[in-house]
Amino acid sequence: MKYIVLDMEWNQPRHAMAAIRNPLYLKGEIIQIGAVKLDEKFRTLDTFNVMISPKYYTKMHSKVAELTMISNQDLKNGIPFLKAFDMFSRWCGDDFCILTWGWDDIPMLEDNLTIYNIDKKWIPDTYNIQPIFDVQITKSGKQCALSTAMELVGEPPFEAHDALNDALSTACVCRHLDMESGIKNYIQCKRRLVPDSYNSPCEYKFCRDAKADKNINTFKCHKCSETVDTSGWISQKPDRYLAKGICKCGEEYFIKVRFRKNENKTYRANRTVYPMNDEHRDYYDRKYAEKEAKRNKRLEAAANI
């Protein structure tokens, strides 16, 4: 068994109207794949790095360019995604799993495989190192930035927001962890950082149908096992909503739901439940206040007609 530490950079549509919406809503197009191959003892065997010339989002989003230092000329000098992915898949080999730092890379890879009509079944077992790091190092129940993790393990960081550098940093962090134990107990590690992650098996015609589904709206309290109902949903983005849940025992939760469009134009939903903390509470209260302000403004405008 080999371990592929994967990191990617992706470009975004420069404005909402330019976003690809068929066969799915494409939030980002991969423009760089960086990876490190590790052996069974998590020792580095090889590295992989390729820049990709995008097919859909061909001009760099200004914020992405500022963050990654990738230019439009870099995109022109890249290779097409199909060729890049073929190179990457051959480099990975057959018997491997994928390690990432964060939750975003694998969903982004899934979307890009879909848009290029590549079977998503290629993706093997995947593990986010953040929960393992939290259980073994920080013990805070919160996600940790990769740069912070490198600092905590006493390693000099590679320059961030480059796919290969971030993969190298993640591989370096792995060598400071008991990865065999972390992977063996991954479900428990994940629940500590993300207590309840639920992928609905249903296909919804509209996002509002998912929000009305009791399997999305309710979950079990980790403290007393009673059913918790969520409060009203607040829109963050067209495909993301948040809510708050309060159990009868007093335990509070911060809930996020993310929608993804299927190839048949229906929607699938993923709900994630976090223990409420001050950061979550402040964010929820701010978004709720914004929602109420917009609602009051609409009511005032209607009353003046």
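User: In what order do the five strands of the open sheet lie?

Analyst: This is a predicted model, in which local features need pLDDT of at least 70, side-chain atom pairs count only at pLDDT 80 or more, and totals for chains, interfaces and linings use all residues. Residues are numbered from 1 along each chain as its sequence is written, and side-chain values use heavy atoms, with hydrogens and water left out. Strands (E, at least two residues) and helices (H or I, at least four) are DSSP runs numbered from the N terminus, and two strands pair if DSSP finds at least two bridges between them. The pairing in this open sheet is mixed, and the order is E3-E2-E1-E4-E5.

User: Which are the edge strands of this sheet?

Analyst: An edge strand pairs on one side only. The twist from one strand to the next averages 25 degrees; axes are lines fitted to C-alpha atoms, for helices over the stretch in contact, and angles run from 0 to 180 degrees between N-to-C directions. The edge strands are E3 (44-51) and E5 (126-128).

User: Which residue in E4 is the bridge partner of Val5?

Analyst: Strand E1 (residues 2-11) and strand E4 (residues 96-100) run parallel and are joined by four bridges. In E4, the partner of Val5 is Leu99.

User: At about what angle to E1 does helix H4 run?

Analyst: Helix H4 (residues 105-115) lies across E1, E2 (29-38), E4 and E5. Helix H5 (residues 129-138) also packs on the sheet, where it touches E4 and E5, contact meaning heavy atoms within 4.5 Å; the direction of H5 makes about 45 degrees with that of E5. For H4 and E1, the angle is about 70 degrees.

User: Is Arg271 buried or exposed?

Analyst: Arg271 is placed in strand E12 (residues 267-275). Buried means under 20% relative accessible area, exposed over 50%, and partly exposed in between (1.4 Å probe, protein chains only). Because its relative accessibility is 3%, Arg271 counts as buried.

User: What is the relative accessibility of Pro80?

Analyst: Pro80 is found in the loop between helix H2 (72-76) and helix H3 (81-92). Beyond residues up to four places away in sequence, Pro80 touches Ile52 and Ser53. Pro80 counts as partly exposed because its relative accessibility is 49%.

User: Where is Phe42, and what is its phi?

Analyst: Most residues other than glycine have a negative phi, and most peptide bonds are trans. Phe42 lies in the loop between E2 and E3 and is buried, with a relative accessible area of 6%. Although Phe42 is not a glycine, its phi is positive, at about 65 degrees.

User: Which peptide bond is cis, with omega near 10 degrees?

Analyst: Pro23 is placed in the loop between E1 and E2. The cis bond runs from Asn22 to Pro23.

User: What is the radius of gyration of the chain?

Analyst: The chain has 12 helices and 12 strands, and buried residues make up 45% of its 305 residues. The radius of gyration is taken over C-alpha atoms, and the globule rule is 2.2 Å times the number of residues to the power 0.38. A compact globule with 305 residues would have a radius near 19 Å, with which the value for the chain agrees: 21 Å.
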